[in-house]
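Subject: Model for your files

Hello,

Here is the structure I said I would pass on. My notes follow it.

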Amino acid sequence: MVVRNLEEKSIFLPNNSLSLIAVDLLKVLKSSYNYRKLSNITGIPVSTLTRYLTGKTMPRGVKARKLIKNLIMNLNISSLLSHFTDGDGSLDLYEVMFNPNMIKIIAAHVLNEFAGMRITSLLALDNLSIPLTTYLSAITMRPFSIVSREPLPIKNSDMYTLILEDSKGVWPLCYWLYFKNVKKRESILIISSKTPEARLFNKLAQIIEKKNSEIVGFFSVVGSLEEFSRLNLKSNCRKYYIISED
């Protein structure tokens, strides 16, 4: 994985977000490693790590960027995900996406991958991606919208219904798209647990385009190049996934 430059003045990352991300990652890893091992991984003295983890001080600026970079480089996220499997050995996305520690680890990878981009809002494409999107929204101070399989009592939002004809059933499939606090000309990062059905995504892309907004990034935990090719994404849209289905 390429570790990008998490610039302090990144358009996507507010200045204080780097500190919060770094400390969150340290807390996650502290449950598995002692201070000496963490010091070897990060290159930071034990005494400094102790102050970070006890809340006496926070890593800032260059120190925060260096800390996040070292943590991401030394985290084998594919190996971590391999611990979340169901009975037949397949990845259990429910267990992954509702695990607080994994949310923080995955979020750090997302922020690294899309660092420096102009992203003004986020969109959770499925229910499993809502916890991750919520965390990213809080860290980056960006609003987020959602796609739901059922109507929701969300006030003061633009609502769109997406109807997909189901060739295998009698009733069509319905989805509801809720834009919350989204303005014109948004640059949207879409968050998904897996590669979505092309019919659904392409209808969604049409609505976003009609709102004079743009999908600038797409992330999914599980992805497929073949499935990605069916999605109506512009060539300049940055696409990233962790586990390949190919």
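This is a predicted model: local features need pLDDT of at least 70, side-chain atom pairs count only at pLDDT 80 or more; totals for chains, interfaces and linings use all residues.

Residues are numbered from 1 along each chain as its sequence is written, and side-chain values use heavy atoms, leaving out hydrogens and water.

Helix 9 covers residues 198–210; at 1.5 Å a residue its 13 residues should span 18 Å, and the end C-alpha atoms are 18 Å apart, so the two agree (the expected span is 1.5 Å times one less than the number of residues). Its buried residues include Phe-201, Leu-204 and Ile-208 (buried is under 20% relative accessible area, exposed over 50%, partly exposed in between, with a 1.4 Å probe and protein chains only). Among the elements covering them are strand 1 (121–124) and strand 6 (214–223).

The largest nonpolar core has 49 residues (a set of buried Ala, Val, Leu, Ile, Met, Phe, Trp, Tyr and Cys joined through side-chain atoms within 4.5 Å). Helix 7 (residues 100–113) gives the most to this core, eight residues. Another core, of 24 residues, lies apart from it and includes Ala-205 and Leu-233.

Ser-82 sits in the loop between helix 5 (77–81) and helix 6 (93–97). Ser-82 and Ile-243 are 161 residues apart in sequence but 10.0 Å apart in space, C-alpha to C-alpha.

Regards

How values were computed:
Helices (H or I, at least four residues) and strands (E, at least two) are DSSP runs, numbered from the N terminus. Contact means heavy atoms within 4.5 Å.
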